[in-house]
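Reader: Could you take me through this structure one feature at a time, giving the general idea before the particular case?

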Amino acid sequence: MPKPTKGPRLGGGPAHERLLLANLAAALFTHKSIKTTETKAKRMRPLTERLITFAKRGDLHARRRVLAVIGDKSVVHELFTEIAPLVAEREGGYTRITKLGFRKGDNAPMVQIELVLEPVTPKKKSTAKAAPAAAAAAPAEDEVVETPAEDAPAEETSTEETADETTEAPAAKESTEAPAEETK
């Protein structure tokens, strides 16, 4: 059971707060980004995340539960058909809050809350045991790859590289000796 918030509610009573948050969520789904106060955005974020999770389910019961919160059918349709497929791969964190500064009139902290619609990039899952095993397996694979590379063509390239190194070495010695002679 959710814990009730302490202190005064947004807009007065609980019914007014529910309507205010529902309207903010509807505006967010319509415009994909809205500018509001920090307190309203922080109170709206869990509601918005829950509604998007229902939209990802996509069944009739989920649609009716979202319609119970947001009364506008066109907004709910947009949520289910446009927004839900874009965040289908994302496991949470559908909204982003960015601080904008303070409002001129009453100095209230303003933020921009927006939907995160970029495609999610999967992270590599690694454990402490898998990392050393992978490190131990990597040199073994390199040895296998190096064995065919040590054939005759590889020796020709290595002799060419050593020939280049010997021609470069005297030039490097001359360049270091030349400034020494000038200083004497």
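Reader: In what order do the elements of the protein run from the N terminus on?

Author: In this predicted model, the order from the N terminus on is α-β-α-α-α-β-β-α-α, and the secondary structure comes to six helices and three strands.

Reader: What share of the 184 residues is buried, and how much accessible surface does the protein have?

Author: Buried residues account for 23% of the 184, while the accessible surface comes to about 13,400 Å², with 57% of that surface belonging to carbon and sulfur atoms. As for contacts between residues at least 6 apart in sequence, 55% of them join residues at least 24 apart.

Reader: How should I read the packing of helix 1 and helix 2?

Author: Two packed helices are described by the angle between their axes and by the distance between those axes. Here helix 1 (residues 14-31) and helix 2 (residues 38-57) pack at an angle of about 65°, their axes being 9 Å apart. Because angles of 65 to 115 degrees count as roughly perpendicular, helix 1 and helix 2 are described as roughly perpendicular to each other. The crossing in which helix 1 passes helix 2 is right-handed.

Reader: Which residues of helix 1 and helix 2 meet?

Author: On the side of helix 1 they are Glu 17, Leu 20, Leu 21, Ala 22, Leu 24, Ala 25, Leu 28 and Phe 29, and they meet Lys 40, Arg 43, Met 44, Leu 47, Thr 48, Leu 51 and Ile 52 of helix 2. Sorted by class, this contact has 11 nonpolar, one polar and three charged residues.

Reader: Are helix 2 and helix 3 roughly parallel or roughly antiparallel to each other?

Author: The axes of helix 2 and helix 3 (residues 60-69) come within 8 Å and cross at roughly 150°; since angles over 145 degrees count as roughly antiparallel, that is the description given to helix 2 and helix 3. Their crossing is left-handed. Leu 47, Leu 51, Phe 54 and Arg 57 of helix 2 make the contact with His 61, Ala 62, Arg 65, Val 66 and Val 69 of helix 3, and by class it has six nonpolar, one polar and two charged residues.

Reader: Where is Pro 109 placed, and which residues is Pro 109 in contact with, leaving aside its neighbours within four places in sequence?

Author: Pro 109 lies in strand 3 (residues 109-115), and with a relative accessibility of 30% Pro 109 counts as partly exposed. Beyond those neighbours, Pro 109 is in contact with Thr 36, Thr 37, Glu 38, Gly 101 and Phe 102. Although Pro 109 and Thr 37 are 72 residues apart in sequence, their C-alpha atoms are 5.8 Å apart in space.

How values were computed
Residues are numbered from 1 along each chain as its sequence is written. This is a predicted model: local features need pLDDT of at least 70, side-chain atom pairs count only at pLDDT 80 or more; totals for chains, interfaces and linings use all residues. Side-chain values use heavy atoms; hydrogens and water are left out. Axes are lines fitted to C-alpha atoms, for helices over the stretch in contact, and angles run from 0 to 180 degrees between N-to-C directions. Helices (H or I, at least four residues) and strands (E, at least two) are DSSP runs, numbered from the N terminus. Angles under 35 degrees count as roughly parallel, over 145 as roughly antiparallel, 65 to 115 as roughly perpendicular and the rest as oblique. A crossing is left-handed if the near helix is turned anticlockwise from the far one by less than a right angle, and right-handed if clockwise. Contact means heavy atoms within 4.5 Å. Ala, Val, Leu, Ile, Met, Phe, Trp, Tyr, Cys and Pro count as nonpolar, Asp, Glu, Lys and Arg as charged, and the others, Gly among them, as polar. Buried means under 20% relative accessible area, exposed over 50%, partly exposed in between (1.4 Å probe, protein chains only). Accessible areas come from the Shrake-Rupley method with a 1.4 Å probe; for residues, only the protein chains shown count as cover.
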